[in-house]
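Trainee: I would like to go through this protein one step at a time. Could we start once the sequence and structure are on the screen?

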Amino acid sequence: MQRKAYVTGIAALLAALLAGCTSGSGGDGPTDNANPGDAGTATVAAQPGKYRTLPEPCGVIDHDTLDSLLPGIKQLTDPEQRDRVYQGDAALTYNTDRKVGCRWKVESADATDRLAVDFERVVSYDNAVSDDDQAQKLFEEKETAADLPEPGSATPATPASSAGTATPTPTATPTPTATASDDASPSATETSPDATPTDLQPRVLSDLGDEAYLDDQLGSSGSAAEPRTVTVVFRTSNVVVTIEYEEQPTVTGTVPDSKEMQDRARDLASQLDDALGS
């Protein structure tokens, strides 16, 4: 009787062991397959941006540069008033690590000049998108809103002349037509003396930051003297810098010089790019 009970106990133990092995081997497969997948998704992480802080906007521009951009400063005889202009007015912001700016305004006998500088440090909250990529997206939105003309878009205006298709007309009267066109060309130039040359039109800049563009607009302020606004926007890593430089003449019929204002704004942009340490 004891031997029979012993054999029965061994048989029951073997059956339990076999059942455990069968269920264990079936459960291990999905668990092993799930772990590598979880580890793979955890390794996806976009790179952070280069910049963690921003410069002090009202102190980043030296006095010589402000003198050039705002000629009216030199005409101020009161030292305290001149110092206040140099200091500028800080833009309202709630996080100086993310966005800062400064404003200057100076009136002179010839014009009123305004300058605004803004720094924005872009941070991506998407693990799959880097700070630089997010900053690039912001820059592209600004560039699209500026609606820059296509490169060489000034030239299509000339080929658009349908007279070019009607080649028989110039051929039929070669000498008289040449004389008539010579008389007409000066008057065409005179009708638009303030036309912006092609190399001064709004355009992409290739020598500033990671990407940059310049906009130049001659707008109406409701007065006879039209203000000109030159805007330079550039991106360096995850920081986007915007410069707005405006001049409002006081004399009727006066037009601010486009090249002079663009040169000043671009020089400032290069200084700010250097200040970021790019």
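What follows is a set of questions and answers on this predicted model.

Trainee: What is the mean pLDDT of the protein?
Mentor: The pLDDT is the predictor's confidence in each residue, from 0 to 100. In this model 66% of the residues reach 70 or more. The mean is 78.

Trainee: What share of the 278 residues in the protein is buried?
Mentor: A residue counts as buried when its relative accessible area is under 20%. The protein as a whole exposes about 17,100 Å², and carbon and sulfur atoms supply 53% of that area. Buried residues make up 31%.

Trainee: Is Val239 buried or exposed?
Mentor: Val239 is found in strand E7, which spans residues 239-249. Its relative accessible area is 0%. Because the cut-off for buried is under 20%, Val239 is buried.

Trainee: Which residues does Val239 touch, not counting residues up to four places away in sequence?
Mentor: A contact needs heavy atoms within 4.5 Å. Arg121 is one of the partners, although Val239 and Arg121 are 118 residues apart in sequence; their C-alpha atoms are 4.4 Å apart. In the protein, residues 24 or more positions apart account for 63% of the contacts with a separation of 6 or more. The residues touched by Val239 are Tyr51, Leu54, Phe119, Glu120, Arg121, Phe234 and Leu276.

Trainee: What is the phi of Ser237, and is Ser237 buried or exposed?
Mentor: Most residues other than glycine have a negative phi. Ser237, in the loop between strand E6 (228-236) and E7, is not a glycine, yet its phi is positive, at about 55°. Its relative accessibility is 6%, so Ser237 counts as buried.

Trainee: Is Asp147 buried or exposed?
Mentor: Asp147 lies in the loop between helix H4 (131-146) and helix H5 (168-172). It also has a positive phi, near 55°, in a residue other than glycine. The relative accessible area of Asp147 is 62%, so it is exposed.

Trainee: How far apart are the C-alpha atoms of Ala275 and Ile61?
Mentor: Ala275 lies in helix H7, residues 258-276. At 42% relative accessibility, Ala275 counts as partly exposed. Ala275 and Ile61 are 214 residues apart along the chain, and their C-alpha atoms are separated by 9.3 Å.

Trainee: Which residues that line the largest pocket are the closest to its centre?
Mentor: About 180 Å³ of space lies in the largest pocket. The lining has 11 residues, and they divide into five nonpolar, three polar and three charged. The closest to the centre are Pro149, Glu150, Pro151, Pro202 and Arg203.

Technical notes. Residues numbered from 1 in each chain as written. Predicted model: local features only at pLDDT ≥ 70, side-chain atom pairs only at ≥ 80, totals over all residues. Heavy atoms only, no water. Helix = DSSP H or I, 4+ residues; strand = E, 2+ residues; numbered from the N terminus. Buried < 20%, exposed > 50% of the residue type's maximum accessible area, 1.4 Å probe, protein only. Areas by Shrake-Rupley, 256 points an atom, 1.4 Å probe, with all protein chains shown as cover. 1 Å grid on protein atoms, 1.4 Å probe; cavity = no way out; pocket = protein on both sides within 12 Å on 5 of 7 lines; lining within 4 Å. Points joined across faces, edges and corners; volume = space filled by probe spheres on them. Nonpolar A, V, L, I, M, F, W, Y, C, P; charged D, E, K, R; others polar.
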